[in-house]
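Here's a quick briefing to keep beside the structure. Take a look at the model, then read on.

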Number of protein chains: 2
Amino acid sequence: MKALLLIAHGSRKSASNDEIRELAAQIQIRGNRKRDKSSSKFEFELVEHAFLEMAEPTIAQGATTLITQGATDITLFPYFLAAGQHVAMDIPAQVETLRQQHPTLAFTIAPHIGAATNMWRLIDEHLQTPTQ
Amino acid sequence: MKALLLIAHGSRKSASNDEIRELAAQIQIRGNRKRDKSSSKFEFELVEHAFLEMAEPTIAQGATTLITQGATDITLFPYFLAAGQHVAMDIPAQVETLRQQHPTLAFTIAPHIGAATNMWRLIDEHLQTPTQ
């Protein structure tokens, strides 16, 4: 079973971490809806979130939640804008530990969100959205 | 003249800062192209980038570049995923300084990119894009 683990930096502000929790829930809900309509390639049956620092669930905890639910093929998605130390070193190091602990499962690291081809379009739309 | 200042965190890795420079250039190019076709509400004639920390141009330097080119109405756009300390406190403090230094100009802080309504869609598309 394919699963997605959205990995954010984590903040001391709980409201900021709540945004990540809501985003993961939204990705799952929208993904399921699209899959139901057979209009999507959204391939993740499970979606969880995790934080690299300063908040829980940690990456290990998030991965354990997915594995407990039957995930066998986990895509770890760094929700980071820049390919800095966290994306280049810290997350891969934790994923290597997961691979050693679960040698029969597949772990793939997706490119970070800052590498998204259509980021300029999201920004364009975002800046046209009236402030609430 | 309306201008956009894309404000990123800034990194010790120059490649990471280069991505921001390229993103600002892409926003300007795409925005100009859309405006030429009269198909867009893209309203910024000038687009620059700046870094909050660890890299230049600073926010003050980026704003000065825009003002020198004739900007009178500057939207400062925090390119941050989380509404943490940087978005809630540090950027507004610097913008307040700009307002005091340039009382005849208009400065507006846009919501950070993490608040974008369509983030889930960008993620959906991004995860379907084959890794290069």
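How far apart are the mean positions of the 12 positive and 14 negative charges of chain A? They are 6 Å apart, counting Lys and Arg as positive and Asp and Glu as negative, with His and the chain ends left out. Each charge is placed at NZ of Lys, CZ of Arg, CG of Asp or CD of Glu.

This is a predicted model, where local features need pLDDT of at least 70 and side-chain atom pairs count only at pLDDT 80 or more, while totals for chains, interfaces and linings use all residues. Residues are numbered from 1 along each chain as its sequence is written, chains are lettered from A and ligands numbered from 1 in the order written, and side-chain values use heavy atoms, without hydrogens or water.

**Chain A overall**
- Chain A has 4 helices and 4 strands, in the order β-α-β-α-β-α-β-α along the sequence; these are DSSP runs numbered from the N terminus, with helices (H or I) of at least four residues and strands (E) of at least two.
- The C-alpha trace of chain A spans about 50 × 35 × 25 Å along its principal axes.
- Of the 132 residues in chain A, 43% are buried (under 20% relative accessible area, 1.4 Å probe, protein chains only).

**B:Ser11**
- B:Ser11 sits in the loop between strand S1 (2-8) and helix H1 (14-36) of chain B.
- B:Ser11 is buried, at 12% relative accessible area.
- Leaving out residues up to four places away in sequence, B:Ser11 touches B:Ser16, B:Asn17, B:Glu53, B:Met54 and B:Ala55 (heavy atoms within 4.5 Å).

Conventions: Buried < 20%, exposed > 50% of the residue type's maximum accessible area, 1.4 Å probe, protein only.
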